Amino acid sequence: MNTMVKYFLLLIITLGAGILHAQKNFEIRYLGNMGIAVSHNDSTILIDALHDFYESDYLQTDEQALKAILAKQAPYKKIIAIAVTHRHSDHFDSAVVTRVMNVHGSTLLVSGGQTMSLLSSDLQKKFTKVTDSLTIRINDRLKLHLYRIPHTYAARHAAVENYRVEITWNNFRLVHLGDADEKDEAIDLLKEKPGVMVVPSWYLSDKGTELLNKVKPGKILVTHISPADNALYKNEKLKSEVISFRKYGDILKL
Ligand SMILES: [Zn+2]
């Protein structure tokens, strides 16, 4: 083999390894109810992850996790964004978010106006507000997209603004539905085949299953399960792999 060919092969192997590396190394941690931390290398994005005690059926932000977040310990060294689907207390707590934002000063904080109104005027100045939909390009490898979809239980919560959160990070795509209703609008304009889709447990119904089979996610993460609930969340008609998150700190490695 001549030297040119050797160098060429080495270049191909290096590039190949780089691409493989870029696609791997994603970790998703369960932070209670619908809270997750999506980590890649030493950067993390939190979705619905900061909440306080609400009712005994719901997990509050774990003391140890909060300590690690405030001390900027791995995987919370660099929190790029805190995204919130909606204002309900099992998804968002203004005091906990304020404590975290006081330490992580340059973190992007994004949600709808209803969530924003629960924060101090100082923090509101740092807030990125979504109305209907918003795309945020954090850098050339990372994009966040929020899109308003109906909240479940319209009879009681029709006025609650709930946002679907989509992360596109290198070639990895994650979709988080928040407290979505099982309606066609929930998957409106959603590109098929995200790597992971985070759904509330009621999405294992037949209508939810029908919607998920249209989207065809690689993996479905079932969340919003009471810690005391031992029901098996599955639906035989579902075509994707299903993983249930119910224990605080559970990790999915991709
Ligand atoms: Zn809710």
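Let's start with one pair of residues. Thr44 stands opposite Ile79 in strand S4. Strand S3, residues 43-47, and strand S4 pair in the parallel sense over 5 bridges. One caution before I go on: this is a predicted model.

Now zoom out from that pair. S3 and S4 sit in an open sheet of 7 strands. Read across, the order is S6-S5-S4-S3-S2-S1-S14, and the pairing is mixed. Which strands stand at the edges? They are S6, residues 127-130, and S14, residues 251-253. Each has a single partner strand, so one side of each is left without a neighbour in the sheet. The sheet also twists. From one strand to the next, the twist averages 20 degrees.

What does Ile36 contact, leaving aside its neighbours within four places in sequence? The partners are Ile28, Arg29, Tyr30, Leu31, Ile47, Ala49 and Val198.

On to the other sheet. Here again 7 strands form an open sheet. The order is S7-S8-S9-S10-S11-S12-S13, with mixed pairing. At the edges you find S7, 133-139, and S13, 241-244. Each of these has a single partner strand, so one side of each lacks a neighbour in the sheet. Neighbouring strands here are turned against each other by 20 degrees on average, direction ignored.

Look at S10, residues 172-176, in this sheet. Strand S9, residues 161-169, runs antiparallel to S10, and 5 bridges join the two. Within that pairing, find Glu166: it stands opposite Val175 in S10. S9 and S10 form a hairpin, with 2 residues between them. In the turn, Asn170 has a positive phi of about 55 degrees.

Then there is strand S11, residues 196-200. S10 and S11 run parallel, joined by 3 bridges. Leu174 stands opposite Val196 in S11. Is S10 mostly covered or uncovered? Mostly covered: 4 of its 5 residues are buried.

The loop between S10 and S11 holds Lys191. Is Lys191 buried or exposed? Count the neighbours. There are 12 C-beta neighbours inside 10 Å, and a residue with 12 or fewer is exposed, so Lys191 counts as exposed. Lys191 and Leu146 are 45 residues apart along the chain, and their C-alpha atoms are separated by 13 Å.

Next, a helix. H7 covers residues 206-215, and Gly208, Thr209, Leu211 and Leu212 in it are buried. Why do these four belong on the same side of H7? They cover an arc of only 160 degrees around the axis, which puts them on the same side. What covers them? S11 is part of the answer, and so is strand S12, 219-223. The face turned away from the buried side carries the exposed residues Asp206 and Lys214. After H7 comes Lys216, with a positive phi near 55 degrees.

Last, the whole chain. The protein chain has 7 helices and 14 strands. Its C-alpha trace spans about 75 × 45 × 35 Å along its principal axes. How does the radius of gyration fit a compact globule? With 254 residues, such a globule would have one near 18 Å. The protein chain has 19 Å, which agrees.

Two percentages to finish. Of the 254 residues, 39% count as buried. And take contacts between residues at least 6 apart in sequence: 55% of them join residues at least 24 apart.

Conventions. Residues numbered from 1 in each chain as written. Predicted model: local features only at pLDDT ≥ 70, side-chain atom pairs only at ≥ 80, totals over all residues. Contact = placed C-beta atoms within 7 Å. Pairing = 2+ DSSP bridges. Axes fitted to C-alpha atoms, helices over the stretch in contact; angles between N-to-C directions. Buried ≥ 20, exposed ≤ 12 C-beta atoms within 10 Å, placed from the backbone. Rg over C-alpha atoms; globule rule 2.2 N^0.38 Å. Arc of directions from axis to C-beta.
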